[in-house]
Amino acid sequence: MTDMFVSLGNWNWLILGFILMALEVLAPGIFLFWLGLAALLVGLISFAAAISWQIQLVMFAFFAAAAVPVWRRLAKPKPEASASPFLNKRSEALLGREFTLEKPIIDGTGTVRIGDTVWRVAGPDTPAGTRVKVVQVDGANLTVAAA
């Protein structure tokens, strides 16, 4: 068994690395890629310096273990800037906009037409036709103030 480890040379590590990367192509899962990369690194380092087989195995284990946090960092999905930031948040897109009251606000409630939709609004008593500004959104209810 020790003869196998003693015979580990830089070419063996490079061949192992390429085999692991080729297996990754056949069975994708990103796991074998990092082990193959660790084997390639050990092979390249052993080309540069004469290292015992024990150190080579330790380096392989270290590189393979270090690949896990590197892979997690690289695989973490990055938030993309959406072309429609208010998609599925239609009411939030109304915040700060001004509209004309369709029905007066009486006893704290009224309506405003936005496009083809009538929205319920809350705020101080205001006559119909007055311009109001949306100051708060709570689901389908808008809180408005005089513009």
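# Report on a predicted structure

Arg 113 counts as partly exposed, since its relative accessibility is 42%. The structure is a predicted model, in which local features need pLDDT of at least 70 and side-chain atom pairs count only at pLDDT 80 or more, while totals for chains, interfaces and linings use all residues. Residues are numbered from 1 along each chain as its sequence is written, and side-chain values use heavy atoms, with hydrogens and water left out.

## Salt bridges

Side chains of opposite charge can pair when their charged atoms come close. A salt bridge is defined here as a side-chain nitrogen of Lys or Arg within 4 Å of a carboxyl oxygen of Asp or Glu. Across the whole structure, the search finds two salt bridges.

In one of them, the side chains of Arg 113 and Glu 102 meet at 2.8 Å, N to O. This pair links distant parts of the chain, with Arg 113 in strand β2 and Glu 102 in strand β1, 11 residues apart. Strands (E, at least two residues) and helices (H or I, at least four) are DSSP runs, numbered from the N terminus.

Glu 98 forms a salt bridge with Arg 131, and the closest N and O atoms are 4.0 Å apart. Here too distant parts of the chain are linked: Glu 98 belongs to strand β1 (residues 98–106) and Arg 131 to strand β4 (residues 131–138), 33 residues apart.

## Strand pairing

Two strands are said to pair if DSSP finds at least two bridges between them. Strand β2 (residues 109–114) pairs with strand β3 (residues 117–122) in the antiparallel sense, over six bridges. Ile 114 stands opposite Thr 117 of β3. Two residues lie between the strands of this β2 and β3 hairpin, where Gly 115 takes a positive phi near 65°.

Strand β3 also pairs with strand β5 (residues 141–146), in the parallel sense and over three bridges. Arg 120 has Asn 141 in β5 as its bridge partner, and Val 121 has Leu 142 in β5.

Strands β4 and β5 run antiparallel and are joined by six bridges. Lys 133 has Ala 145 of β5 as its bridge partner. In the β4 and β5 hairpin, which has two residues between the strands, Gly 139 takes a positive phi near 70°.

## Aromatic pairs

A pair of aromatic rings is described by the distance of the centres and the angle of the planes. Rings of Phe, Tyr and Trp (its six-membered ring) pair if their centres lie within 6.5 Å; planes under 30 degrees apart count as stacked, over 60 as edge-to-face and the rest as tilted. Four aromatic pairs are found in the whole structure.

One of these pairs, Trp 11 with Phe 47, is edge-to-face, with 5.1 Å from centre to centre and 90° between the planes. Trp 11 lies in helix α2 (residues 10–26) and Phe 47 in helix α3 (residues 31–48), so the pair ties together parts that are 36 residues apart in sequence.

The ring planes of Trp 13 and Phe 60 stand at 35°, with the centres 5.2 Å apart, so this pair is tilted. Trp 13 in helix α2 and Phe 60 in helix α4 (residues 53–75) are 47 residues apart, and their pair links distant parts of the chain. Both Trp 13 and Phe 60 are buried.

## Nonpolar surface patch

Trp 11, Ile 15, Ile 19, Leu 23, Leu 26, Leu 44 and Phe 47 make a nonpolar surface patch of about 760 Å². Patches are made of residues with over 30% relative accessible area and no salt bridge; like charges are joined within 9 Å, and nonpolar side chains (Val, Leu, Ile, Met, Phe, Trp, Tyr) within 5 Å. Accessible areas come from the Shrake-Rupley method with a 1.4 Å probe, and for residues only the protein chains shown count as cover.

Helices α2 and α3 each supply at least two residues of the patch. Helix α2 gives the most, with five residues, whereas Leu 44 is found in helix α3.

## Accessibility of selected residues

| Residue | Relative accessibility | Class |
|---|---|---|
| Trp 11 | 55% | exposed |
| Leu 44 | 52% | exposed |
| Phe 47 | 40% | partly exposed |
| Glu 98 | 39% | partly exposed |
| Glu 102 | 35% | partly exposed |
| Arg 131 | 43% | partly exposed |

Methods. Buried means under 20% relative accessible area, exposed over 50%, partly exposed in between (1.4 Å probe, protein chains only).
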